[in-house]
Amino acid sequence: MELQKVLRMNGGQGESSYARNSCFQEISLGFLHPFLEECIHDMKLMIPCERFCIADLGCSAGPNTVVVAEAISMAVQKKYAQASPPLPIPELQVFFADLPCNDFNLLFRTMPPALMSSNIKEEEEELENFNMINGCNDSLLDDDGKVISTAHQESRRYFAAGVAGSFHTRLFPRNSLHFVYSSYSLHWLSRVPIEIKDKSSRSWNGKRVFISKDGPMEVAEAYLAQFQKDFSSFLTARAQEIVKGGCMFIYLSGRDTADPRDQGASGVIGDILEAAFNDMLSQHAGTD
């Protein structure tokens, strides 16, 4: 089965869901916020611009996704409003893109309503109705019943759409995007390198499920080569989709050494997963 058909963050709102276990990414968003605003502030204004299109690639689902969309949309509105002279603020369209198995249902259930009316009283009534309905059923709650997502308590001033597909390929028409955002996503490869599963190859990874610091260098080099191919495909696709003068903001994990076997904190997690998988296999073998 193709990796893209099964790979996803754990959906839903349960104890093991991504929505409840993405606090590390949430902390990073606070760090990234000023850089994100600066990036949009330095963009060239699109004049005239009736619709400003934004894409979050590898959006997943949960409160962080909505926070990012709100931060980007507010920064864009601010840029147009503070222009000299002030320019009409274009309508904002945010595309939330991820693999088909992503929990888009959760994403859109917890997303605040789009309030585009010029009638303030009408907006307030619509928002109140949304909170009454969504707050009781679809809020992200912790074990004590405390709301861990406040996204549903606010309104949004952008149109939202989901896009299912791999960001390693084209997802949008040519010259259709003004701003592209992606964080903690590009380390996911489009496939497992072929050499890793070939027992006759020097890159065969044996029983390991990750890059190990004490493993063969060929394994790390195979993963590195696959990443380079995927990243090149990603950039090629975005080059066709982003309008002239558009912008892209990317954040991904890195390392402070040249050794591709050094995976930092991710390597520790990989070692733990590997030990757990091997333990499960040994227990299963013992029951045969």
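In this predicted model, five strands make up an open sheet with parallel pairing, in the order S3-S2-S1-S4-S5. Strand S3 (159-164) and S5 are the edges; each has a single partner strand, so one side of each has no neighbour in the sheet. From one strand to the next, the twist averages 20°.

**Strand pairing**
- Strand S2 (residues 91-98) runs parallel to S3, and six bridges join the two.
- Within S3, Phe159 is the bridge partner of Gln93.
- S4 and S5 are likewise parallel and are joined by six bridges.
- Met248 in S5 stands opposite Val180.
- Between S4 and S5 the chain passes through H5, and this β-α-β crossover is right-handed.

**Helix H5**
- Helix H5 comprises 25 residues (217-241); at 1.5 Å a residue it should span 36 Å, which agrees with the 36 Å between its end C-alpha atoms.
- Buried residues of H5 include Val219, Tyr223, Gln226, Asp230, Phe234, Arg238 and Glu241.
- The buried residues of H5 pack against strand S1 (51-57), strand S4 (177-183) and strand S5 (242-251).
- The direction of H5 makes about 145° with that of S5.
- An α-helix has 3.6 residues a turn, so residues three or four places apart point the same way.

**Leu273**
- Leu273 lies in helix H6 (residues 264-287).
- Its relative accessible area is 42%, so Leu273 is partly exposed.
- Leu273 and Phe210 are separated by 63 residues in sequence, while their C-alpha atoms are 8.8 Å apart in space.

Conventions
Residues numbered from 1 in each chain as written. Predicted model: local features only at pLDDT ≥ 70, side-chain atom pairs only at ≥ 80, totals over all residues. Heavy atoms only, no water. Helix = DSSP H or I, 4+ residues; strand = E, 2+ residues; numbered from the N terminus. Expected span 1.5 Å × (residues − 1). Buried < 20%, exposed > 50% of the residue type's maximum accessible area, 1.4 Å probe, protein only. Contact = heavy atoms within 4.5 Å. Pairing = 2+ DSSP bridges. Right-handed = clockwise from strand over helix to strand, strands pointing away. Axes fitted to C-alpha atoms, helices over the stretch in contact; angles between N-to-C directions.
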